[in-house]
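Colleague: I would like a close look at one part of this model. Please take me through the ligand site, step by step.

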Amino acid sequence: MEIPSFSELQLSPGIMKAIRDIGYEEPTPIQQQVIPLILTGKDVAGQAYTGTGKTAAFGIPAIELCQPTNKNVQTLVLCPSRELAVQVGAELNKLSMHKKGISILPVYGGQPIERQIKALSRGVQIIIGTPGRVIDHIKRGTLRLDTVSLVVLDEADQMLDMGFRDDIEEILSHTPAEHQTVILSATFPPEILDISRRFQKDPIDVKMVHQELTVPQIEQYYIEVREPAKADTLIRVLEFY
Ligand code: AMP
């Protein structure tokens, strides 16, 4: 099958140059599907694992759609952990290196809030945040979401597992009625389908299993044991082989 190149996605010269500088040669399968959908204003519910290129799948269109002269918040990405927020921020910074006037800020718990407040007051268009800290900024009045046009829930199942459901709903209630919502998740349990039903408009389902996770030369099998017996069983398997 012919793989569409980045140039077929009709991206602007600035982002194409960044993609070349970073060294991405062709879009990954999830990028091929998700980039055009986000660029044409669609809501997306994507099954995506880490390692599939999911960050650039929403990062490239988020930067492409970002208007540098508008200093209000345009994109909000919610992540389950500070590590992921920092990582997503770094990737988006690289992707925006040739587009002037774009400010990207990760906001997460554990970092002094004053520093974030100062950065926010200078005008940030793309926020990548953990739910707790985003709520904190909303309550302090240091972050307004009424200008947001794109919301991404990255690793949505992880965020729900960590108990962020109420926070996510609270945050989404501060965004305008008219905006795009992209949900990326490895699994789609009923709670995520419920969030999708309530906050997305005619979402397009994109399923992308991380094919590289399995290597054909490696035989895979599992042994079912009770939790307390896990370590002993592992030791016995290691000894056996
Ligand atoms: P992610 O699934 O977003 O965690 O990305 C996994 C890794 O793939 C990251 O190190 C990215 O920099 C890299 N990556 C993303 N898109 C591409 C691409 N089109 N070609 C090669 N590597 C990529």
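How far is a nitrogen atom of the ligand from a polar backbone atom of glutamate 26?

Modeller: The distance is 2.9 Å. That is a polar contact (a pair of N or O atoms within 3.5 Å). Here glutamate 26 uses its backbone. The model is predicted, so local features need pLDDT of at least 70 and side-chain atom pairs 80 or more, while totals for chains, interfaces and linings use all residues. Residues are numbered from 1 along each chain as its sequence is written, and side-chain values use heavy atoms, without hydrogens and water.

Now turn to the side chains. Glutamine 31 places a polar side-chain atom 2.8 Å from a nitrogen atom of the ligand. Threonine 55 has a polar side-chain atom 2.6 Å from an oxygen atom of the ligand. How much of the ligand does the protein bury? On its own, the ligand exposes 500 Å² (Shrake-Rupley method, 1.4 Å probe). The protein buries 70% of that area.

Next, look at the surroundings. There are 13 residues around the ligand (a heavy atom within 4 Å). Five of them come nearest: Tyr24, Gln31, Gly51, Gly53 and Thr55. So what is the shell made of? Seven of its residues are polar, three are nonpolar and three are charged. Gly counts as polar here and Tyr as nonpolar; Asp, Glu, Lys and Arg are the charged ones.

Conventions
Polar contact = N/O pair within 3.5 Å; in protein donor to acceptor, adjacent residues only side chain to side chain.
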